[in-house]
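This report goes through a single protein chain with its ligands, from the overall fold to individual residues. The sequence and the structure are shown here for reference.

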Amino acid sequence: MAIDEYSDAEFDFIKSTDKNPSNILPEKLTLASHLQFWCHPKVRCFTACCHNIKIILTPYDILVLRQRLGIQAHEFITEYAEPTYLEKTDMPGVQIKLVGEKNACPFVTPEGCTVYSDRPSACRYYPVGMADFHEGGANDAAEEKFFFLVKEPHCKGHEEPKHWTIGEWRADQGVDLRDAMNKEWLRLIMRRKSFGLQATLSEPAKRMFFMASTDLDTFRSFIFGSSFLATYEVDPETLAKIKEDDVALMLFSFKYLANTLFGAPGLTIKDEKLKSKVEEIRKRQDEAMLKAEQEYEELRAERDRMLREREEQGRRTE
Ligand code: SF4
Ligand code: SF4
């Protein structure tokens, strides 16, 4: 199968100034494949790729960046991000808000990236993309993972005499942790893509996806301040974790979204809630049945009245 026939959720995830598909080399790479590349402050194009770019932020990117900046999620989103749709889906997300005449990333300076050790996933992956392909986007579907190289004309790092395997380069960039943190979120997007746009996602569902993906503070208030805990079974250990630990909360939010948006297993509705829901449905059905019976009785009475009238008229004309 050619690279461009695969699901492209991850392809869009790669930081790129240019969406020209010819910049993606048509070769599937493995962790053992050779890579000649080096990015360093003395390279001619230093910081060129931090301008005129689209950088999608994953929930983990937002979490790490706003912790570094010491601000709340909503402040980060307002100041440094702008809304976008996660490409080829109707799922709302955010991208870095570029600033100034040069359309620069707000974190770039002539000396380089000011948030380098906490830079977003897309900046770490560049120029090696990963396709984690699940047929049909389901959890248990066949999985195939491979890498591919993005070679854009402005990026001179490909001319530098440094040689790695893809695996060595990825370890150097610290992408394994990012892979683990982003995996289930990316899978949600792939699932959405596999349904196609003819299957609509309701507006409340989109709002919930956006809230959980961008603002964990608000998602936490939703868990602990709404009827959520009266509806779902959550064991005390998980509850204690997600109360304090943002990463645990983020991973829990992915499980919640997979369950509510796509019916994936992982969350159980409480028995009493189920019973009350069944009771509610039964009550509604009983009420509907009663109403239908009343309407039927009214119609029958009307019909009988008309029949009697007709009989009387018949008798009078005899
Ligand atoms: S976050 Fe850093 S590496 Fe990424 S685009 Fe901005 S300045 Fe460049
Ligand atoms: S070498 Fe490539 S990745 Fe590094 S600064 Fe230049 S354009 Fe960006």
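Predicted model: local features only at pLDDT ≥ 70, side-chain atom pairs only at ≥ 80, totals over all residues.

## Overall architecture

The secondary structure of the protein chain comprises eleven helices and eleven strands. Of the 318 residues in the protein chain, 28% are buried. Among the contacts in the chain with a separation of 6 or more, 75% are accounted for by residues 24 or more positions apart.

The largest nonpolar core contains 57 residues, and those with the most contacts inside it are Ile55, Leu57, Phe76, Ala81, Cys105 and Leu257. Helix H10 gives the most to this core, contributing eight residues.

## The H9 and H10 pair

Helix H9, which spans residues 236-244, and helix H10, which spans residues 246-262, have axes that come within 6 Å of each other and cross at roughly 115 degrees.

The contact brings together Thr238, Lys241 and Ile242 from H9 with Ala248, Leu249 and Phe252 from H10. By class, the residues of this contact of H9 with H10 divide into four nonpolar, one polar and one charged.

## Surroundings of the two ligands

Ligand 1 is surrounded by Cys50, Ile55, Cys105, Phe107, Val108, Cys113, Val115, Arg119, Pro120 and Cys123. This shell holds nine nonpolar residues, no polar residues and one charged residue. Two members of the shell, Ile55 and Cys105, are also among the residues with the most contacts inside the largest nonpolar core.

Around ligand 2 the residues are Cys39, Val43, Cys45, Phe46, Thr47, Ala48, Cys49, Tyr126, His154, Cys155, Lys156 and Gly157. Their division by class is eight nonpolar, three polar and one charged.

## The loop between E1 and E2

Thr47, which belongs to the shell of ligand 2, is placed in the loop between strand E1 (34-36) and strand E2 (56-57). Its phi is near 75 degrees, a positive value in a residue other than glycine. Thr47 counts as partly exposed because 18 other C-beta atoms lie within 10 Å, a number between the limits of 12 or fewer for exposed residues and 20 or more for buried ones.

Ala48, likewise listed around ligand 2, is found in the loop between E1 and E2, and with 16 C-beta neighbours inside 10 Å it counts as partly exposed. Ala48 and Ala104 are 56 residues apart in sequence, while their C-alpha atoms are 9.2 Å apart in space. Asn52 is also found in the loop between E1 and E2, and it has a positive phi of about 45 degrees although it is not a glycine. Asn52 is partly exposed, with 15 other C-beta atoms within 10 Å.

Tyr126, one of the residues around ligand 2, is joined to Pro127 by a cis peptide bond with an omega of about 5 degrees. Pro127 is found in the loop between helix H3 (121-125) and strand E7 (128-134).

Pro127 is also in contact with Leu149, whose other contacts, leaving aside its neighbours within four places in sequence, are Leu25, Leu29 and Val128. Leu149 is placed in strand E8, residues 143-149, and is partly exposed, with 19 other C-beta atoms within 10 Å. From C-alpha to C-alpha, Leu149 and Met130 are 8.9 Å apart in space and 19 residues apart in sequence.

The C-alpha atoms of Arg191 and Leu261 are separated by 9.6 Å, although the two residues are 70 residues apart along the chain.

Phe210 is found in helix H6, residues 203-214, and with 16 C-beta neighbours inside 10 Å it counts as partly exposed. Phe210 and Pro83 are 127 residues apart in sequence, and from C-alpha to C-alpha they are 9.5 Å apart in space.

Technical notes
Residues numbered from 1 in each chain as written. Chains lettered and ligands numbered in written order. Near = placed C-beta within 6 Å. Nonpolar A, V, L, I, M, F, W, Y, C, P; charged D, E, K, R; others polar. Helix = DSSP H or I, 4+ residues; strand = E, 2+ residues; numbered from the N terminus. Contact = placed C-beta atoms within 7 Å. Axes fitted to C-alpha atoms, helices over the stretch in contact; angles between N-to-C directions. Core = buried A, V, L, I, M, F, W, Y, C linked by C-beta atoms within 7 Å.
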